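Subject: Structure handover

Hello,

I am passing on the structure we spoke about, with the notes I made on it. Please look through it before you read on.

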Amino acid sequence: LYEKAAMQGHVESRNNLGCIEAEKGNYERALRHFLISAKLGDKESVENIKKIFMRGQATKEQYAEALKGYQDAIEEMKSHDRDEAKAK
């Protein structure tokens, strides 16, 4: 179920697949799922990569890639009109 939703772009499902793979000990597969969802703006995926990194099962480069992808996605989602409305 998660796989089909993830393939259709459902970000939380992609993160869930990463969690499932991590629980199985498949950290490379988990990282791939987390990286995809982090680059789509999922903060939880970034946190999951951080945990894997802190355990020594992800590289500094992978964690940096997740952070940058997440920040780029968040920046892309921002809009001037939304920021103005929030300020009022």
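This is a predicted model: local features need pLDDT of at least 70, side-chain atom pairs count only at pLDDT 80 or more; totals for chains, interfaces and linings use all residues.

Residues are numbered from 1 along each chain as its sequence is written, and side-chain values use heavy atoms, with hydrogens and water left out.

Helix packing. Helices are DSSP runs of H or I of at least four residues, numbered from the N terminus. The axes of H2 (residues 11-23) and H3 come within 8 Å and cross at roughly 165 degrees; axes here are lines fitted to C-alpha atoms over the stretch in contact, and angles run from 0 to 180 degrees between N-to-C directions. That makes H2 roughly antiparallel to H3 (angles over 145 degrees). The crossing of H2 and H3 is left-handed, meaning that the near helix is turned anticlockwise from the far one by less than a right angle. Residues in the contact (heavy atoms within 4.5 Å) include Arg-14, Leu-17 and Glu-21 of H2 and Arg-29, His-33 and Ser-37 of H3.

H3 (residues 27-38) also packs against H4 (residues 43-54), at an angle of about 145 degrees and with the axes 8 Å apart. This crossing, too, is left-handed. Among the residues that make the contact are Leu-31, Phe-34 and Ser-37 of H3 and Ser-45, Val-46 and Ile-49 of H4.

Core. The largest nonpolar core has 13 residues; such a core is a set of buried Ala, Val, Leu, Ile, Met, Phe, Trp, Tyr and Cys residues joined through side-chain atoms within 4.5 Å. Leu-31, Phe-34, Val-46, Ile-49, Ile-52 and Ala-66 touch the most other members. H3, H4 and H5 (60-77) each supply at least two residues of this core, and the largest share, 5 residues, comes from H3. Leaving aside neighbours within four places in sequence, Ala-66 is in contact with Leu-35, Ala-38, Val-46 and Ile-49.

Single residues. With the neighbours within four places in sequence left aside, Ser-37 is in contact with Val-11, Arg-14, Asn-15, Asp-42 and Ser-45. The C-alpha atoms of Lys-50 and Ala-66 are separated by 9.0 Å.

Regards

Conventions:
Buried means under 20% relative accessible area, exposed over 50%, partly exposed in between (1.4 Å probe, protein chains only). Angles under 35 degrees count as roughly parallel, over 145 as roughly antiparallel, 65 to 115 as roughly perpendicular and the rest as oblique.
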